[in-house]
Amino acid sequence: MEVGQMQRTWVEYTKSLFREGFLDGQFTQLQLLQDESNPDFVVEVVSLFFEDSERLLNDLTRALDQQIVDFKRVDAHVHQLKGSSSSIGAQRVKNACIAFRNFCEEQNSEACLKCLQQVRQEYCLVKNKLETLIRLEQQIVAAGGSIPIEELSFQGYKVKL
Amino acid sequence: MHWRSEKIDGFDLSPPDDEQVHVLAVDDSLVDRKVIERLLKISCCKVTAVDSGIRALQFLGLDEEKSSSVGFDDLKVDLIITDYCMPGMTGYELLKKIKESSTFREIPVVIMSSENVMARIDRCLEEGAEDFIVKPVKLSDVKRLRDYMTAREFRVKNQQIGNNNNIKNNNKRRLRETCDLSSSPLSMLFSSSSPSPSLSPSSLSSPSSPSPCLSPLPSPPILSYSAPCSPTSLDSPTRRLKMSSSD
């Protein structure tokens, strides 16, 4: 596949991720922070997010598995996950966390377990999407092209570099 | 002209090391630390990032009972930006400790929080916080801080240094500010007091460019109340306008 085609694929794929709500404007902020001096910034942050999230999801599973659930502890973990997903623009994960926190407040174990399932699902989805996106970017760069962030245009808003 | 192209061309206009704004960033989240560090660095700040209030105090030398051998001038922290919700010492507690210190109370402290709670914001401002940023932190937030720091340094320097050196400093300021096409913090205040273009938290829906060089994104109204500086009084750095009603 030639570079131009890869770039077009990247643009369409990125737009679809925004359209479907997987990513929000904060992700664009991260893309703007990447440049020649920091060419791997997005990959680095996203990797940290993956590590962080997997740790938190494990902690959550353990916390909800207890005989007596410590909802404050559960809430603290969800709060962290909500924060990091918000910081990278993983909108659906963030929203799932918001719903989760409501049930923590209600101290509803069953609902919390369902929320955990939901959060995990959203996380897996966005992880796949981001990995695909990053792979596309790496292919473009390897072929000598650049990532055409200026091609992203939403509701008449143009990203200018 | 995009400010970054000045570096790409090999012509480095970044101020010499002792002139750079040094920011101490405090956040327990690894992801957030990475992001804030990059946001600050791309805005020409020197950054020290720590993961807790305790570590921040250690860095400042405030936790030791004996006076630190490192003088305040050597450390030269120009701004502290801290998360509010942290295990152990909260950002609020850190703020209080800093404001209680005769050595460090003059350092502006900015609080970041994912929770947009009026009572929390008021409490922080009352305790002497310079500004309050609702997470997730964006380029426009950091740029606003950066412009505030530049203006503040400018005022301080003009107070302290005589006329001869003023000319030299004015030129330095002009160099640093050539990339800032947006003007004074006051004009930023006016532009950010316009209503948010949409209810969506996505900054993509805003009509202006997110480039750090051009006009800042209209911040949501909650941020517009903080007047980064009024050009006149040096002795009330925490003066700010009353918050306009938020949506």
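I am working from a predicted model. I looked up the strand order in chain B and found five strands in an open sheet, running β2-β1-β3-β4-β5 with parallel pairing. I then checked the edges: β2 (45-50) and β5 (131-134) of chain B each pair on one side only. From one strand to the next, the twist averages 20 degrees.

**Entry 2, one strand pair.** I picked β3 (residues 79-83) and β4 (residues 109-113) of chain B, which run parallel and are joined by four bridges. Within this pair I noted Ile80(B) opposite Val109(B) of β4(B).

Helix α5 (residues 91-100) of chain B lies across β1, β3 and β4 of chain B, at about 175 degrees to β4(B).

I turned to α3 (residues 41-64) and α4 (residues 71-88) of chain A, which pack at about 160 degrees with axes 10 Å apart. Angles over 145 degrees count as roughly antiparallel, so α3(A) is roughly antiparallel to α4(A). The crossing of α3(A) past α4(A) is left-handed.

Which residues meet there? On the α3(A) side I listed several, including Val45(A), Phe49(A), Leu56(A) and Leu60(A). On the α4(A) side they include Val74(A), His77(A), Leu81(A) and Ile88(A). I sorted the contact by class and got 11 nonpolar, five polar and three charged residues.

Key:
Residues numbered from 1 in each chain as written. Chains lettered and ligands numbered in written order. Predicted model: local features only at pLDDT ≥ 70, side-chain atom pairs only at ≥ 80, totals over all residues. Heavy atoms only, no water. Pairing = 2+ DSSP bridges. Axes fitted to C-alpha atoms, helices over the stretch in contact; angles between N-to-C directions. Contact = heavy atoms within 4.5 Å. Parallel < 35°, antiparallel > 145°, perpendicular 65-115°, else oblique. Left-handed = near helix turned anticlockwise from the far one by under 90°. Nonpolar A, V, L, I, M, F, W, Y, C, P; charged D, E, K, R; others polar.
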